[in-house]
Amino acid sequence: MSLLKPFSKLPGLNTANILLVENEEQFQQSLADVLVEETSVTVTVRLAKTLPLPMENDESRPRIDLVVFIMNLSSELSFQSAEASLKYLDPGYFLGKVCFMVTNARNASVPTERLDAVRKLAASLHCPLLFAEDQTPDGATSATERLLTVLKVAAGLVPTTTALYLSNLTRCTLPPDIEQPSFD
Amino acid sequence: MDDSARRLLQRLIRRIPAQMLKPTLDKWDRLTAAHRQSMDFTESKWALTEKLLAIYVIENPDHSMWYALQLVDPEDDAHSVELTQFKEQFKSHLRELIRHVSIKIKKHTDEAVWIRIAWGDSFSRPNHLKPTYVVHHLQTPYVFVTSLTSKLKPLLSQALVLSTRYQAIKDASLSARKLTAIRDLLMRQYQQVFPTKYPSSLVENNQNASNILINKEQAELAASRHQKACEAFGDGMLPQLQSAVYKLETKFRDHTNKTMTEREEAFRCVVKFASTNLLESLRHCASSGISSTPGTSLLSSIPLKGRNYFVITDNGPGPSSQTRQPPN
């Protein structure tokens, strides 16, 4: 199985590489356009629909510092595709180099069980869970700011902080009443 | 245009004094210069009203359902029928079949012949409030009709067959609100994509090509999906079909439901796909990977065979029954 490995390549100077995985291939484009505008660090963005990544790109691909799974809560397929891609990541990534991003969480037609399932997944893997708004350019900008914070740490560009340390602070935790039925 | 609007127009024209009609229409400034020139103000008011209504329908052909018919078995001289011959033959044949009928034939700029028929019967004058419109492109076997009752269809079919020098006419199982949609679909006026062994990428993702910092990992897969989707449905702007109907007369097949599967007779149901632009949605399903490629031939038959009504029996998809009449 071709696993994506976190430390098998050398890092670049003042560079951070991020991989955005999204089944719908929509929001990742807007995020990528804002991410590359960052000036203090050179950010390269790789876009994919699912994992595993094609082997032909192995040689040219740089070391991936952060893998972000973007899920649209209004689609069950989105969640299942992200879950299926998880097994193609080397376990080394789950020490602070994986992040989950969820869009459309405010939509009333989303069943609450799906958000709970995403929460449980993120909590069990000790990864942060970010909520983003994908319909406006402001949403992409604010999501990018938060991703850049995590990315810079994961790429080792922030002194005195490591990805593992940050993930201890930002990882998703389950509320104690998650098994209780919700109000509606 | 609905009846009340039509009557309103008639009353307006009747009310306006004859010498004021031309200045009023000029001031209204809604007709193009060509239309204004074609309005002959020495005609009766009734004729002028009809002309205005005809202009309205030609400019707004999407207000009612259009049905496609196909002429079959051409005679030897079918391909050389030209306009004046067609006009004379059609008028004389139709007048032979039904006495009180008013026919107006006009050739449009895009080679389409528009025919407006107001039907009457042996007791009453032609009813101009509910005319039938027929569009035919000469030298093609396609005819498009709207607002035709099933009683009058055989008469129209007979007249069309005789005047176009074919032997028969059949229902093409294609209907839509937009005339341009069914016309473009049948005459394949959209961009076709043919299967090639070495496809050059149809999708040139210009935004990413210009920014080398953004890199699509699975670009080749996406490009081949897009290629297959375009092969099945076409590229660029697609004809705006709004629905596709599949009438299933097949046996029920589901292992988990024994009672239904054991029935001998066919399980009849109708599956309808509806959308503002059906072909565009189907192509997007295939190119974004929601449906796997190669897609089912049932859906790709829509553009391939140019129809949107199918009857599926257990022996495989068959032609819709010949006796089907377009519902009115």
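Trainee: In what order do the six strands of the open sheet in chain B run?
Mentor: In this predicted model, the six strands of chain B form an open sheet in the order 2-3-4-5-1-6, with antiparallel pairing; strands are DSSP runs (E, at least two residues; helices are H or I, at least four), numbered from the N terminus, and two strands pair if DSSP finds at least two bridges between them.

Trainee: Which strands stand at the edges?
Mentor: Strand 2 (101-107) and strand 6 (166-176) of chain B each have a single partner strand, so one side of each is left without a neighbour in the sheet.

Trainee: New topic: where is D73(B), and what is its phi?
Mentor: D73(B) is found in strand 1 (residues 66-74) of chain B, and its phi is positive, near 55 degrees, although the residue is not glycine.

Trainee: Is D73(B) buried or partly exposed?
Mentor: D73(B) has a relative accessible area of 46% and is therefore partly exposed, where buried means under 20%, exposed over 50% and partly exposed in between (1.4 Å probe, protein chains only).

Trainee: Which peptide bond is cis in chain A?
Mentor: The bond from L51(A) to P52(A) is cis, with omega near 10 degrees, and P52(A) sits in the loop between strand 2 (42-48) and strand 3 (66-72) of chain A.

Trainee: How are residues and chains labelled?
Mentor: Residues are numbered from 1 along each chain as its sequence is written, and chains are lettered from A in the order in which they are written. Local features need pLDDT of at least 70 in this predicted model.

Technical notes. This is a predicted model: local features need pLDDT of at least 70, side-chain atom pairs count only at pLDDT 80 or more; totals for chains, interfaces and linings use all residues. Side-chain values use heavy atoms; hydrogens and water are left out.
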